[in-house]
Amino acid sequence: MTSQKTQRLTVSALMLATATVLAMICEAIPFLHLPFGGGFTIASMLPIVLIAYMYGTKWGLLCSATYAGIQILMAVIFGSTAALRGYFIPTDENFMGFGIAIGIVLLDYVVAYTVLGLGGVFRNKLPKVPAIVLGVVLALGLRYLVHIVSGYFFFGMWAEWFFGEEGFALGNWILTKFSGWLLSLLYSIVYNGLYMIPEIVITAVCASGISFIPYIKKYDLKA
């Protein structure tokens with residue numbers, strides 16, 4: 001049993017490292033990022049979902065929470081996400097108050113990445129391939145939902161500017177039909193969907209291929 005637990009720690013560490021490296025590579029590619037946060041990655045969250053499938057939801061949540069901490073560190077260190085630092089600096093143009101800053105970190109980082117650990121909920125209910133693929137859809141779909149909530153509460157003030165941008169299809173129609181909280185909600189759904197929906201599709205496709213690797217299998221270990 002000790003050797004199995006050591007294997008779990010080793011595999012999980014390698015998966016976390018892989019997810020982090022993929023995220024760092026994408027972090028260094030400017031055109032993958034959206035102006036107000038968020039961006040595409042090369043299936044960087046798939047390793048976290050695989051951990052949850054291989055070792056169960058409890059261990060998956062522990063590892064995904066660890067990954068959330070790594071993402072916060074990356075957001076503080078790397079230039080393209082330097083706005084996170086500004087949320088806590090009163091003299092910075094991105095400062096919106098300490099309460100909002102804490103709320104953004106909790107939702108867009110802690111909760112949004114921790115829910116990836118739920119990607120293993122189908123492991124004892126479905127065959128391996130559909131279990132992993134549907135786990136990806138569920139986990140990343142939950143992350144998308146968390147970003148929608150965060151965007152609605154903390155960034156909804158950008159809705160009119162966003163839909164009013166020149167060249168935005170249906171922008172004027174949307175502004176005439178929606179206002180107030182509905183406009184803010186629609187903005188958050190659309191903006192976060194610009195990167196999360198393709199991310200879900202790309203990761204699910206990658207998962208359907210990687211799932212056939214024999215080493216990717218369930219391990220039933222006691223904590």
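**View 1. Cys206 in a predicted model: a partly exposed cysteine.** Cys206 has a relative accessibility of 31% and counts as partly exposed. This is a predicted model. The closest cysteine sulfur to that of Cys206 belongs to Cys26. The two sulfurs lie 11 Å apart, too far for a bond.

**View 2. Cys26, a buried cysteine.** The relative accessible area of Cys26 is 1%, so this residue is buried. The structure as a whole holds 0 disulfides. Cys26 is accordingly in none, with the sulfur of Cys206 as its nearest cysteine sulfur.

**View 3. The salt bridge between Arg123 and Asp220.** A search of the whole structure finds 1 salt bridge. It joins the side chains of Arg123 and Asp220, at 2.5 Å from N to O. The pair links distant parts of the chain, 97 residues apart. Arg123 sits in the loop between α5 and α6 (128-154). Asp220 sits in the segment after α9 (180-210). Side chains of opposite charge can pair when their charged atoms come close.

View 4. Seven residues are shown: Phe88, Ile89, Phe98, Ile102, Leu106, Val110 and Val111. Together they make a nonpolar surface patch of about 550 Å². Val111 is one of them. Val111 is found in helix α5, residues 98-114. With 34% relative accessibility, Val111 counts as partly exposed.

Conventions:
Residues numbered from 1 in each chain as written. Predicted model: local features only at pLDDT ≥ 70, side-chain atom pairs only at ≥ 80, totals over all residues. Heavy atoms only, no water. Disulfide = S-S within 2.5 Å. Buried < 20%, exposed > 50% of the residue type's maximum accessible area, 1.4 Å probe, protein only. Patch = residues over 30% accessible without salt bridge, like charges linked within 9 Å, V, L, I, M, F, W, Y side chains within 5 Å. Areas by Shrake-Rupley, 256 points an atom, 1.4 Å probe, with all protein chains shown as cover. Salt bridge = Lys/Arg side-chain N within 4 Å of Asp/Glu carboxyl O. Helix = DSSP H or I, 4+ residues; strand = E, 2+ residues; numbered from the N terminus.
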